[in-house]
Structure formats: structure tokens, C-alpha cells
Amino acid sequence: MRVKFWGVRGSIPSPGQGTVRYGGNTACVEVNCGDTLIILDAGSGIRLLGNDLLRRFQSPIQAHLLMSHFHWDHIQGFPFFVPAFIPGNKFTIHGCEGMIQPLQNIFEGQMVPDYFPISFQEMPAEKTFNRISEGDFKINDVKISARYLNHPGIALGYRLEHQGKVFCFISDNEPHYYSSGNGAGANLLEEVRSGAMKLGPMDEALIEFIEGANLLVHDSQYSVEEYVAKIGWGHSFFQFPVELGVLGEVQRLLLFHHDPMRNDDMVDRMGADCNALISQKNIALRCQPAAEGMEFEL
Ligand SMILES: [Zn+2]
Ligand SMILES: [Zn+2]
């Protein structure tokens, strides 16, 4: 299983001098399992992936898009995904229904004339939809498990298993305990800073879901101080994925969905803070912030 990051930013593309090292593109991760190509989310990073696929493939491209959810930062790159403009290419788009619209309407809706000059139907590649919900299914010989996350609207996290390797993608997710009425006041700051974080039922279930992963990608948009003002917005302070990684006995954690306000030096500091926390726990969890272009062979 080979995993490559094409977009690691949350909320909005954030180009500029301050984000050159980690990258400014929004969520997109490529996973290759043998001949099966899976693309997790279609944020602005999918544009670069599309260009790379055109360089790599001589024959028609077949890929599966596995969508976490449909907030702009996870779908906005699709209209610029050049392989979808080439006849003969085939894409299967897997995702849950939206809160208001069915899956297909969401993709078509962001390309109606008010928003975009070319319609979804005018993209000549073959595009089929597979509506999914929580549960297991297979893409060729890859086992996919989907689980609802704690995020406004509907969002799915994924566990991919292939030939004994496990990759988990939990892009937009908030700690359940602290978003369920326990986040106000000083307790949150004190508990998290002192390493006595509390977990809710959804958090415990998520630890089971990611257990033993070779690689876990998880939302780490905020510091805990920032989170206090953003409870219910659907994102995590970075101590939370460390806790999940430790309790889930994960091998490697990649911090993901960097806040657009966070420049490269701030992302460096977040990585260092996470590693300081891990070293206190005396456990073999490797952790670093995800950056565009990073690649891992599991
Ligand atoms: Zn997002
Ligand atoms: Zn979101």
C-alpha cells in the first residue's frame, strides 16, 4: 500500500510564502493498493494529482474516489481534475448522501452555470456513484470500512485494509466528549494540558476503529487554546489524535487539515509539541505533520 499526500490544508486553499513547505492545497490523498487506485477527497490537491496521473498512465485511468464529506475544501478540486475531461477514463465516486442533497446532486451542483462554466455532464469520462453509509464494502481486493465522524453535517472516516496493512483516514473530526457540553470553562484546558484528557463514547468507538493502523491521518486543525473558541466547528486540537494514536496502538500518525492561519513554522511547532507529548508517554508512536508531496510505503 502506497500513500501520497496531494493536499493537507483545511477550510480553504492557502498559498503564499508562509505555507510553502507544508503546502496550501486542501484535502486529497492518493492510495495505491496493487493496481487499485483510490483517491481520498477531492480538495484542490486533486488538480496536481490529476496532472501526475496523466504523466503516469498511458492507458485509460480507472480510479475510485472515496469522499469523507462535501464541505468545499473536500470537493472544490474536482472541476479542475483533468482526467475527468478525457473520454475512456472511469471514476467511481463513493460517498454518503448529503444532509439536503443526494450524492450525485452535490457533484453536479458545484458545477451549475452560476458557479462554473462547464457542467458535470460535460466532463466526458465515465462517472458512476456508489452511495454508502457506515459499514464495510470492498473495492477490488481492498477492504473498506466506513464510520460516521463527529463533524457538522455528515462525514465519514475510512479504514482501508490490504494485504495485512491498514491505513485510516479521519479528516474532519472533533473530540466527542468536549463537543458534548463538557468543553466550556477551564476543565478542558486543564485536562488536556495535564494529559488527563477525557473521551466520550464516539471517541472510544473511534479508537477501536483505528486500532493497529500502520498509518493514521487525523484532523489537528487547532491548538487547545484555539479550540475553546471553536467548540462545535467539527475539528480537533492536536493532543486528541495523539491520544487516539497512543490508545489505538497506531504505528504512525500524520497530523492533517492544517488551519489556513497556521504557517509552516507554526506547523513545525505543533509537530514538536506532539512529539514532546508522545515522549512523556514513553511509547513508540511516530508522529509528524502531513505535508504536500509526502509519500509512505506501508
Ligand atoms: Zn475540511
Ligand atoms: Zn468539513
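Residues are numbered from 1 along each chain as its sequence is written, and chains are lettered from A and ligands numbered from 1 in the order in which they are written. In this predicted model local features need pLDDT of at least 70, side-chain atom pairs count only at pLDDT 80 or more, and totals for chains, interfaces and linings use all residues, while side-chain values use heavy atoms, with hydrogens and water left out.

## Zinc sites

Donors are N, O and S atoms within 2.8 Å of the metal (3.2 Å for Na, K and Ca); water is not among the atoms, so sites may look incomplete. The table gives the protein donors of each ion.

| Ion | Protein donors | Distance from the ion |
|---|---|---|
| zinc ion (ligand 1) | D73 (OD), H74 (NE2), D172 (OD), H257 (NE2) | 2.1 to 2.2 Å |
| zinc ion (ligand 2) | H69 (NE2), H71 (ND1), H151 (NE2), D172 (OD) | 2.1 to 2.5 Å |

Four donors count as tetrahedral if all angles lie between 85 and 135 degrees; four count as square planar and six as octahedral if opposite donors are over 155 degrees apart and all others between 65 and 115; anything else is irregular. The four donor atoms of the zinc ion (ligand 1) give angles of 90 to 169°, and the site is irregular. Around the zinc ion (ligand 2) the angles are 88 to 173°, which makes that arrangement irregular.

Along the chain, the donors of the zinc ion (ligand 1) are spaced D-H-x97-D-x84-H. For the zinc ion (ligand 2) the spacing is H-x1-H-x79-H-x20-D. The two ions are 3.5 Å apart, and D172 coordinates both. H71 lies in the loop between β4 (62-66) and α2 (72-75) and D172 in the loop between β10 (165-170) and α4 (176-179), so the pair ties together parts that are 101 residues apart in sequence. Here helices (H or I, at least four residues) and strands (E, at least two) are DSSP runs, numbered from the N terminus.

Buried means under 20% relative accessible area, exposed over 50%, and partly exposed in between (1.4 Å probe, protein chains only). D172 is buried, at 2%, and D73 and H74 are both buried. H71, at 34% relative accessibility, is partly exposed.

## Helix α8

Eight of the nine residues of α8 are buried, so the helix is largely enclosed by the rest of the structure. Among the buried residues are Q239, F240 and P241. Just after α8, E249 takes a positive phi of about 50°.

Axes are lines fitted to C-alpha atoms, for helices over the stretch in contact, and angles run from 0 to 180 degrees between N-to-C directions. The axes of α6 (residues 201-210) and α8 (residues 239-247) come within 9 Å and cross at roughly 55°. The contact (heavy atoms within 4.5 Å) is made by D203, L206, I207 and I210 of α6 and F240, L244 and L247 of α8.

α8 also packs with α9 (residues 264-281), at an angle of about 35° and with the axes 10 Å apart. Here Q239, V242, E243 and V246 of α8 meet C274, L277, I278 and K281 of α9.

## V142

V142 is in strand β8 (residues 142-148) and is buried, with a relative accessible area of 0%. Not counting residues up to four places away in sequence, V142 touches C33, T36, I38, F137, L160, E161 and H162.
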